[in-house]
Amino acid sequence: MSGQPKTFNELISSEKPVLVDFFATWCGPCQMMQPILQDTAKQVGEKIKIIKVDVDKNPLAASKYQVRGVPTLILFQNGQVLWRQSGVVPAHQLVKVIEEKTVQKV
């Protein structure tokens, strides 16, 4: 199994929280999220996995989670939606949401 890419459902069903950025290449605000997500990743480290999902290439995933506008950020853990928001979200707010919403195993 090692080396095999996980499916979207496998990724979001893990115990490790997953922040999904639903984006589109043509979307200006989506491009603004890239450095914010990099900053967030530096701050939270290994506590969370951040993945990007192109809504134009993955319309089924976008449709399943009623992504109407991009960017839309959804935080998953164990397959459950813990939090979601559309639009640009500052890194400090993302870090706060991740710390408040996720259940960390010590």
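**View A. A buried aspartate, D21.** In this predicted model, D21 has a relative accessible area of 0%. That value is under 20%, the limit for calling a residue buried, so D21 counts as buried. Look for D21 in strand β1.

**View B. The pairing of β1 with β2.** Here we stay with strand β1, which covers residues 18-23. Six bridges join β1 to β2, and the two strands run in the parallel sense. As background, strands of a sheet pair through backbone hydrogen bonds, in either a parallel or an antiparallel way.

**View C. The open sheet of four strands.** Stepping back from the pair, you can follow the strands in the order β2-β1-β3-β4, with mixed pairing. The edges are formed by β2 (49-54) and β4 (80-86), each of which pairs on one side only. From one strand to the next, the twist averages 20°.

**View D. Two helices that pack on the sheet.** Helix α2, made of residues 28-44, touches β1, β2 and β3 (72-77). The direction of α2 makes about 165° with that of β2. Helix α4, residues 91-101, also packs on the sheet, where it touches β1, β3 and β4. For α4, the angle with the direction of β4 is about 160°.

Note on methods: Residues are numbered from 1 along each chain as its sequence is written. This is a predicted model: local features need pLDDT of at least 70, side-chain atom pairs count only at pLDDT 80 or more; totals for chains, interfaces and linings use all residues. Side-chain values use heavy atoms; hydrogens and water are left out. Two strands pair if DSSP finds at least two bridges between them. Axes are lines fitted to C-alpha atoms, for helices over the stretch in contact, and angles run from 0 to 180 degrees between N-to-C directions. Contact means heavy atoms within 4.5 Å. Buried means under 20% relative accessible area, exposed over 50%, partly exposed in between (1.4 Å probe, protein chains only).
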